[in-house]
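Here is a short report on one protein chain. Keep the structure open as you read.

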Amino acid sequence: MSNTDETLTIPSRLPVLALRDVVVFPYMIIPLVVGRDMSTQAIEAALSGDRLIAVVTQREVDVENPAPEDLYAVGTVCNIMRMVKLSEDRVKILVQGVTRARLHDYETGRPYLFGGVEIINESPSTADDIEREAQMRSIVEDLQRIATVGKSIPMEVVDVAENVTDAGRLADIAGSNLNLKLPDAQTILETLDVNDRIDLVRAHLVRELALIDAQARIEDKAREGIHKTQREYFLREQLKAIRKELGDSDDKDDEIDLLQEKIDKAKMPKDVKSEAEKQLKRLARMHGDSAEANVLRTYLDHLIELPWSKKTKDKLELATAREILDADHYGLDKVKERILEFLAVARLKGSVKGSILCFVGPPGVGKTSLGRSIAEAMGRKFVRVSLGGVRDEAEIRGHRRTYVGAMPGKIISGVKQAGSTNPVFMLDELDKLGSDFRGDPSSALLEVLDPEQNDKFVDHYLGVAYDLSDTLFIATANMEDAIPRPLHDRMEMIRIPGYTLQEKAVIAQRYLVPRQMHAAGLKDGQIEIPRDVLELLIDNYTREAGVRTLERTIGSVCRKVARRVLEENAEKIVVTARDLEEMLGAAIYVREEDETEDLRVGLATGLAWTPVGGEILHIEAQTVRGRGGLTLTGHLGDVMRESAQAAVTFARSRAKALGIKDDFFATNDIHMHVPAGAIPKDGPSAGVAMITALASALTGKPSTKGVAMTGEITLRGRVLPIGGLREKVLAAHRAGITHVIAPEGNRKDLKDIAEDVRKTVEMHFVESIDQVLEISLGIDTHATPAAKAKGKKSRAKKAGKSSAASHGATGRVAAKSSSAND
C-alpha cells in the first residue's frame with residue numbers, strides 16, 4: 001500500500017485499462033469511451049472496489065487484445081469519477097489522473113489485465129526560485145499565445161495554469177493539452193526529473209508556435225494568389241501547404257515519394273534524371289485529379305520503366321549459334337553462314353555496331369524466325385515490330401505530349417517491352433511502309449538505323465535522348481525494290497529463296513507435322529505421313545515459295561485424323577495417297593505434261609518473279625484474219641506490252657526464215673494473251689516466251705514439252721540477262737519442268753542454286769532469240785550462211801555442255817536473286 005497524499009491510499013495491485021490513442025497525465029480529467037470486453041471488465045472490477053484503475057497506453061494501436069509486452073511500462077493511476085453505459089458493449093467513463101506508476105507482474109487467468117502498481121515519485125526541481133519562476137512563466141505565456149489564436153488549447157486551461165505553483169504539475173498540464181504524437185507524450189510522462197520535463201514541454205511549445213507562425217504565412221501566401229471564387233482550390237492548397245510544413249504526408253505525398261524512389265532506382269543518365277525530377281516537381285504542385293497531372297504521371301511511368309541501364313550479357317559462341325540455327329531451320333546454308341560471320345565479327349569487336357541485316361524473301365521462308373534464333377543464340381531479348389501500313393512519322397518517333405492520347409513511338413515502346421537496352425529488334429515488313437501528309441516514317445527510321453546517330457535517338461514523347469547503339473536491328477521485306485532507297489543503303493540484303501520439294505518434305509517431317517499433330521491433340525505415334533505422301537501433298541496441294549500453306553494443309557490433315565481416331569477408336573492412322581484426296585479434295589495443282597502437240601501450238605511457258613517467289617506463266621498467241629492489228633490481253637503492264645511489240649517486230653524481220661508470206665502480217669491480226677487476267681503482270685523477262693508463243697502460232701509448230709524460259713529480248717534478237725532467276729528456277733522445279741532456257745549472262749549465278757535442283761532441271765543458256773526458237777520449236781531462223789555457221793558452232797558447244805550435265809555435272813542452273821518485277 002502507498003500513500004500519495006493524506007487522503008488517498010493506492011493498493012499495490014490494480015485492474016489495468018489499455019488505451020489505444022491517448023496518454024493520461026496526473027491531474028488530467030478526460031472522458032474515455034471503452035468498447036473492448038477486457039477493458040469493460042477491468043472498469044467493472046475497479047468500480048466494485050475503490051474506483052481506482054491503472055491506465056496505460058499501447059505501443060501499437062492496431063493490437064486488438066494487448067498482452068503486457070504490448071503496453072508501455074509507465075502509466076497513470078486514475079480515479080473513475082463517473083460511468084455511462086452507451087450500449088451493450090460500450091461504456092463512457094470520466095477519469096482523473098492521480099499519480100505516475102510503473103506496472104509490473106501482470107496476473108494471468110483473469111478476463112482482464114491486472115498487475116502490480118509501483119508509485120513513481122518525481123525528482124524535485126534543482127533550479128533556484130527565480131529560474132523556476134521564469135520557466136513556469138514562459139510556459140504560461142506560450143500557452144496564452146496558442147490559446148489566443150484559437151488553436152487546440154482553451155482559455156480555461158490557461159487560467160488553471162496561471163494558478164499552478166508546482167513546476168512538475170504545470171509541465172503535465174501543458175503536455176496533456178498539446179496535440180503530441182503518442183511516443184512524445186509518453187516520453188513526457190516517463191520523464192521524472194522536473195527540470196528535464198519542463199525543457200521537453202517548452203521544446204514542444206516552441207515547435208507548436210513555429211508551426212502556427214508558418215501556417216499563418218502559408219495562409220497569407222495562398223490568399224494572395226487565389227481568387228475569392230476558388231474557395232475549394234484554396235482549401236486544398238492550404239491543406240497541402242500545412243502538411244508540407246508539418247512534415248506529414250498524405251496519399252499524394254506517398255505517390256511523389258514513391259515516384260522519386262523509382263527515379264533513383266532507374267539509373268537514368270544525368271540529363272534524363274534531371275528532366276524526370278523537374279516533371280515530378282511540377283506534378284507535386286498540381287492537383288491530383290487534374291488532366292495534366294494524369295499526363296505527367298503517364299510520362300514519368302514511361303521514363304521509369306524504360307531499361308536505361310538493364311542489359312543482357314551476350315553469348316557469342318559460334319558452335320552454340322550453329323546448333324540453334326540448325327535446330328530451328330533446315331537448309332538456308334548461305335544465310336546461316338552470313339549470320340555466323342556477323343556473330344563472329346561482333347565477338348571480335350565486342351560490339352554489334354556495323355551492318356544491319358535485312359532478310360528479303362517470299363512469305364513463309366523463315367525470316368522472322370531467323371531473327372528469333374539470332375536472339376536466342378546471342379542470349380538477348382527478342383522484340384518484333386510490324387511496319388506494314390505505318391504511314392505516320394509519329395508512330396516511329398512518338399507523339400508530342402501536347403496531343404491528347406500521346407504515346408511513345410514503336411521503337412521506344414519495343415525497347416520498353418524487351419526490358420533491356422540491347423535486344424534483337426526486328427523491323428518486320430519494311431517494304432510496306434507508307435507515307436502521307438503526316439510525314440514519312442522511312443525518314444524517321446534513318447536515324448534509328450544509323451550507327452553514327454542512334455546513340456542519341458530522341459522520341460518526341462520522351463523529349464530526351466535514348467541510346468540505341470547496343471540494339472541489334474534486323475529488318476525483313478518481301479520486295480527489295482519497295483524498300484526506300486536511303487534505308488536500303490544502310491542495310492545489307494540477305495536474300496532468302498524459296499524451298500525445293502525435297503526441302504519442304506524434310507521441313508514438314510521435322511517441324512510442321514509434329515507441331516500440327518500436337519495442335520490437333522494427337523499423341524506421338526497416332527499419325528504417320530510417309531515421305532512419298534508428303535511430297536504428293538506438297539506437289540498437288542501447295543505451290544508456294546515458303547511453307548505457310550503447307551503447314552495449314554498439314555493441320556487440316558491432322559484434324560481429320562484426330563476425328564478418325566475418335567470415331568474408329570484407332571491407335572494409329574497411316575495417311576495414304578488415297579486418303580489425301582478424301583481429306584483435301586481433288587488436287588489443286590495439276591501438271592500440264594500430257595497435252596497433245598496440237599494444244600501446244602501457240603503456247604509457251606514463261607517464268608516470272610513475284611514478291612512471294614517465282615511463278616510459271618503461260619503465254620498464248622493466235623493469228624486470225626484481219627488488217628495487221630495486235631491485241632494484248634491479260635492485264636499486262638507497259639513493259640510487258642513493249643516486249644510483245646518487240647517480239648512481233650522481230651518475227652516480221654525473220655518472216656522468210658520462218659516461212660511466212662510477205663502479205664501475212666498485213667492480212668492477219670495477232671492476239672497474245674496471258675491467262676489469270678485478274679492479276680496484274682509486268683516486267684521484261686517474258687520477252688523470250690512471247691516470241692516463242694508467237695513463232696509457234698505463225699509456223700504451226702508446237703512448243704517442246706517440259707520447257708520453260710525467261711529473258712529480255714531486243715529488236716536485233718539478243719537475249720539480255722534478267723533478275724530473280726533463282727526464284728524462277730525453283731518455280732519451274734516445283735511445276736515439274738525439266739528444261740529451262742535462260743540468258744547466257746546469268747550463267748555466273750549457277751553456284752547459287754541448290755544441288756538437288758541442278759540435278760533435275762537442265763539449263764540452256766542462250767545469247768540470241770535464234771537459239772531460243774531452235775531449242776523450243778526446232779526452228780532455224782538464221783538469215784545468212786555466216787549466221788547459220790555461227791549458230792551451228794554455238795549449238796555444238798551447247799550440246800557438249802548439255803551432255804556433260806546429263807552425266808552428273810552441275811545441271812546448269814543459274815540464279816541471282818534480283819528485285820526486278822518480272
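Start with G724. This glycine sits in the loop between β24 (719–720) and α26 (725–734). The model is predicted, and every value here is computed from it. G724 has 0% relative accessibility, so it counts as buried. What separates G724 and S685 in sequence and in space? They are 39 residues apart along the chain, and their C-alpha atoms are 9.8 Å apart.

**The chain as a whole**

The chain has 29 helices and 26 strands. Of its 822 residues, 48% are buried. The chain exposes about 40300 Å², and carbon and sulfur atoms supply 49% of that area. Now take the contacts between residues at least 6 apart in sequence: 73% of them join residues at least 24 apart.

How confident is the predictor? The mean pLDDT of the chain is 83, and 88% of the residues reach 70 or more. Over residues 783–822, the pLDDT is below 50. That stretch still has 93 contacts in the model beyond near neighbours in sequence.

T553 belongs to helix α20 (residues 548–568). Its relative accessible area is 11%, and the cut-off for buried is under 20%. T553 is therefore buried. Which residues does T553 touch, leaving out those up to four places away in sequence? They are L537, Y541, T542 and L584. One of these, T542, is eleven residues from T553 along the chain. The C-alpha atoms of the two are separated by 8.1 Å.

S696 lies in helix α25 (residues 687–699). Is S696 buried or exposed? It is buried, because its relative accessibility is 0%.

**A patch on the surface**

V33, V84 and L86 form a nonpolar patch on the surface. Together they have about 240 Å² of accessible area. L86 is in the loop between β6 (74–85) and β7 (91–104). At 42% relative accessibility, L86 counts as partly exposed.

**Accessibility side by side**

| Residue | Relative accessibility | State |
|---|---|---|
| G724 | 0% | buried |
| S696 | 0% | buried |
| T553 | 11% | buried |
| L86 | 42% | partly exposed |

Find each of them in the structure. T553 is in helix α20, and S696 is in helix α25.

Key. Residues numbered from 1 in each chain as written. Predicted model: local features only at pLDDT ≥ 70, side-chain atom pairs only at ≥ 80, totals over all residues. Heavy atoms only, no water. Helix = DSSP H or I, 4+ residues; strand = E, 2+ residues; numbered from the N terminus. Buried < 20%, exposed > 50% of the residue type's maximum accessible area, 1.4 Å probe, protein only. Patch = residues over 30% accessible without salt bridge, like charges linked within 9 Å, V, L, I, M, F, W, Y side chains within 5 Å. Areas by Shrake-Rupley, 256 points an atom, 1.4 Å probe, with all protein chains shown as cover. Salt bridge = Lys/Arg side-chain N within 4 Å of Asp/Glu carboxyl O. Contact = heavy atoms within 4.5 Å. pLDDT = per-residue confidence, 0-100.
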